[in-house]
Structure formats: C-alpha cells, structure tokens
Amino acid sequence: MARPHRGTDAPGAAVLPRAGAGLSGGLPPGERLRVLLVEDDEGDAFLVGELLAETNSMIDLLVATSLSEARQRVMGVDCVLLDLGLPDAQGLDGLRRVLEMASGAAVCVLTGRSDEHLGIVAVAEGAQDYLVKGQVDGVLLTRALRYAVERKRADVNARRLREVELRQAESARLERGLLPQPLMTTDEVSVHTFYRPGRHAALIGGDFYDVVQTRPDRIDLIVGDVCGHGVDEAALGVELRVAWRALVLAGVPDDEVLPALEQVLMSERRLQEIFATVATIRLDLGSARATVRLAGHPPPLLLSGGKVAPVPAKGGLLLGVRPRRPVAFDLEFDTDDWSLLMYTDGLIEGRVDGGDERLDVPGLTDLLADPANRAVPLSELPAWLVGRAEQINGGPLADDVAMLLVTRGGGR
C-alpha cells in the first residue's frame, strides 16, 4: 500500500492528522479510545495517523518515539501500538517492558514483512494482536485496535472471575474446617447449628464451633471467635477448632484444655494483637449437669421451664491476652426439658432501632423470652433470632454469627 502524502503547515514541518477527524470508513462509531503509538520512524507514525483519520475511528492517538518517552505517556491509555524496533529496545525485550509498564492496557505490536514470525511470538508473550506494516488499511487498523482492547478486557474479566472462584473454593474449604458436622451418636440431645458471614456477601470470618461426644453420657461443645475477618483469621479458627477436638478426644484434663488452646493461638497467630474468645460446655447427661467455661465470650442462654436466663459463669479473659485458666461454673438442670444456646458476639452487637444502644445479652434474652417464638421449631430458632436481630438493627448484622443450640426433651 502506498504511503499517503504528508500534509505540511510549512516546508519541512510534518503534521500528524487528528485520528477520527475523517468521516469515511466502514466502522460504526464506538467509545472513544486513547492509543499510544510507540514508533521512532516519523513516516510510519504519520501513516498510522492518516490511516486512522480515514475512518470515524473515535481514537485519540498519542505518539512516543522511545520506551522511555512511552513510560511518561502510558498512563490512562487503552491500547499501546508498539513497534518492535526502537532505539532503546529491540524485539521481544521491548514488548516485555511495555507489558510491565502498561499492565492495564492492551498491546498490539507492529512488525515488518520479514519478521512477521515475531508477531506470533509476541501474542504468545502476552500481546493481544500483531499487525504487519504495509498490509493494513484504516478500517483494519481501527478494528484491530478495538478488538485488542476488548480482548484485554475479556482477559482481565476472566482472570478476576478465576480469582473469585478460587477465593470461593478457599472459603468453602475453610468453612468445612470451621463448621464441622457434630461428632456424636446419642439421641438424648439434639444439636442445631447456624452460621452466617457478616454482610451476607463477606468471606468467611474466624467464628467456629464444634461438638464431640467422648462417652455415651458426655458431650463437649465449643463456640469461638477469632478477632478480625479474612482468610488468615479463618485459618487460625480452623487450627483452634481442630486443636480443641484433638485435646478433648485425647482426654486432656478439663482445666488444661483452654490453656493448651491458648498456647496454640499464641504460637500460630500472625500478629501479637490477635486474640480469640471461646465458650465451652461439657454436658454430663447421666447426672443432669453441665460445666461452663468462658474466655472473654458472652454467656450461653438457658431455656427451661418457660424461662430464659444467661448462665452466670464468670467471663474470664480473652485467649491470647494474659494467660489464665478460666473458672469453671457448674450448672444443674432441674428438668429434662431444656436448651442451651451458644453464640458469637456478632448476634448481639447489632444496634437497637438505629440508636447507639446494642442488643447485647439482655436484649437477646428478651427475644428468646418473647412468646412469639414458641411457634418456631427449635431447629429454626437460630435463624429466627438472626432475622429478629437484623430487623431491630435495621439491616444486616455487620459481624459473623455462629450458633449452637443443644436441646433435651421439649427444649423449653
């Protein structure tokens, strides 16, 4: 294809036409693009401008004569049109440097007839397309640049989708670690579990629970909460849950379980500021007793005889702050119809009617004491509580919520 005549304002002064100034051509108008041409040959640069001017390309063309100049002008461009022969970069080395400096832009390379094979290799290296000098017209050039931009966007979207899928798979694996199936065989009690991440769309946090039956008449339960949100906190929650299960199954004395769990926390946490709260219950079904231990965690709620009350166990210190053995509280059941609700603080930290007051333990107690929940099956009670807490909060709860509801007999 013959090179168009160069227009001049004065003898010897080359003028680069504004891309898109012409109205002829075979492409419909699209969104306006910014294209950076990296080309040291003035004639080839002028030719590119002329070809784009032949069409209604809606392309703003910037020109750089070297990679160093391109580095200063690449910000905000949609596509880089790169000559593989530059004063400060030759061949694929120049392409790699452009891909590094313009990671968000599409890259289309220009090759000569004699080195067309470089264009194929360039696409394999990460360019979106290649063009051979002298074998394109304005419509083909415009189409190639727009297609390169769309392919880049498609690649970026595909990568983002893959990243989301990987995060979801990772969250699912962590969820299986945080929220296991209760390890129990007895039918004397029933256990109902519940988990919901904060804001519904968030990645899983550090809330966890577990249930282990070690003897026909003995069941251990734990609910815990690692401070913070994200993969690191969830992974630490999995470690704590697995460590607790191992300690219980190994028959470690009751008073030594939480101190050992605290040692795991302090050795595995990534930051010294990270702490955890836990509540544990050991049920002795034969003697109708329960032993409750709290480490900075809100107390379980006891439903029995038509009444609801927090278990008056001492709160204890957070795990990971200042090691100290939690004080055990012995709870005796007066009847065979009762329930114990264990939960994380995400359930009680919601606001009340949009004010500064939080729901807290008294508010949760009132919700459970509400006669309206009598019609709610025990298996659905945790979800009902979250729904009511969100209604009072005026929207989704901000923190994760995990619950264990263990019941015997009628449960109320």
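Tutor: Setting aside neighbours within four places in sequence, Leu221 is in contact with Asp210, Val211, Trp244, Ala279, Thr280, Ile281, Leu283, Met342, Leu404 and Val406, where contact means heavy atoms within 4.5 Å. The model is predicted, and local features need pLDDT of at least 70, side-chain atom pairs count only at pLDDT 80 or more, while totals for chains, interfaces and linings use all residues. Numbering starts from 1 along each chain as its sequence is written, and side-chain values use heavy atoms, with hydrogens and water left out.

Leu221 belongs to the largest nonpolar core, which has 50 residues; together with Leu261, Leu283, Phe333 and Leu340 it touches the most other members. A nonpolar core is a set of buried Ala, Val, Leu, Ile, Met, Phe, Trp, Tyr and Cys residues joined through side-chain atoms within 4.5 Å. Buried means under 20% relative accessible area, exposed over 50%, and partly exposed in between, with a 1.4 Å probe and protein chains only. Eight residues of this core come from helix α6 (residues 231–249), which gives the most to it. Helices (H or I, at least four residues) and strands (E, at least two) are DSSP runs numbered from the N terminus. A second, separate core has 25 residues, among them Leu303, Leu364, Leu378 and Leu397.

Strands β11 (276–284) and β12 (289–295) run antiparallel and are joined by seven bridges; two strands count as paired if DSSP finds at least two bridges between them. Four residues lie between the strands of this hairpin, and Ala288 takes a positive phi near 55°. Ala288 sits in the loop between β11 and β12. Most residues other than glycine have a negative phi. Asp360 also has a positive phi of about 55° although it is not a glycine, but its place is in helix α8 (residues 360–369). At 39% relative accessibility, Asp360 counts as partly exposed.

Strand β12 is largely enclosed by the rest of the structure, because six of its seven residues are buried. Four bridges join β12 to β15 (residues 329–332), again antiparallel, and Val292 has Phe329 as its bridge partner in β15.

Phe333, another of the residues that touch the most other core members, brings in the aromatic rings. A search of the whole structure finds one aromatic pair. Phe333 and Trp338 form that pair, which is stacked at 4.0 Å centre to centre and 5° between the planes. Rings of Phe, Tyr and Trp (its six-membered ring) pair if their centres lie within 6.5 Å; planes under 30 degrees apart count as stacked, over 60 as edge-to-face and the rest as tilted. Both Phe333 and Trp338 are buried.

Next comes a sheet. Five strands form an open, antiparallel sheet in the order β8-β17-β16-β13-β14. Since β8 (189–196) and β14 (307–310) stand at the edges with a single partner strand each, one side of each is left without a neighbour in the sheet. On average, neighbouring strands of this sheet are turned by 15° against each other, direction ignored. Within the sheet, β13 (residues 301–304) and β16 (residues 338–343) pair over four antiparallel bridges, and Leu301 has Leu341 as its bridge partner in β16. Helix α9 (residues 381–393) packs on the sheet and touches β8, β13, β16 and β17 (401–408); its direction makes about 135° with that of β17. Axes are lines fitted to C-alpha atoms, for helices over the stretch in contact, and angles run from 0 to 180 degrees between N-to-C directions.

Some totals set this in context. The protein has nine helices and 17 strands, and buried residues make up 49% of its 412 residues. Of contacts between residues at least 6 apart in sequence, 70% join residues at least 24 apart. The protein exposes about 19500 Å², of which carbon and sulfur atoms supply 51%; accessible areas come from the Shrake-Rupley method with a 1.4 Å probe, and for residues only the protein chains shown count as cover.
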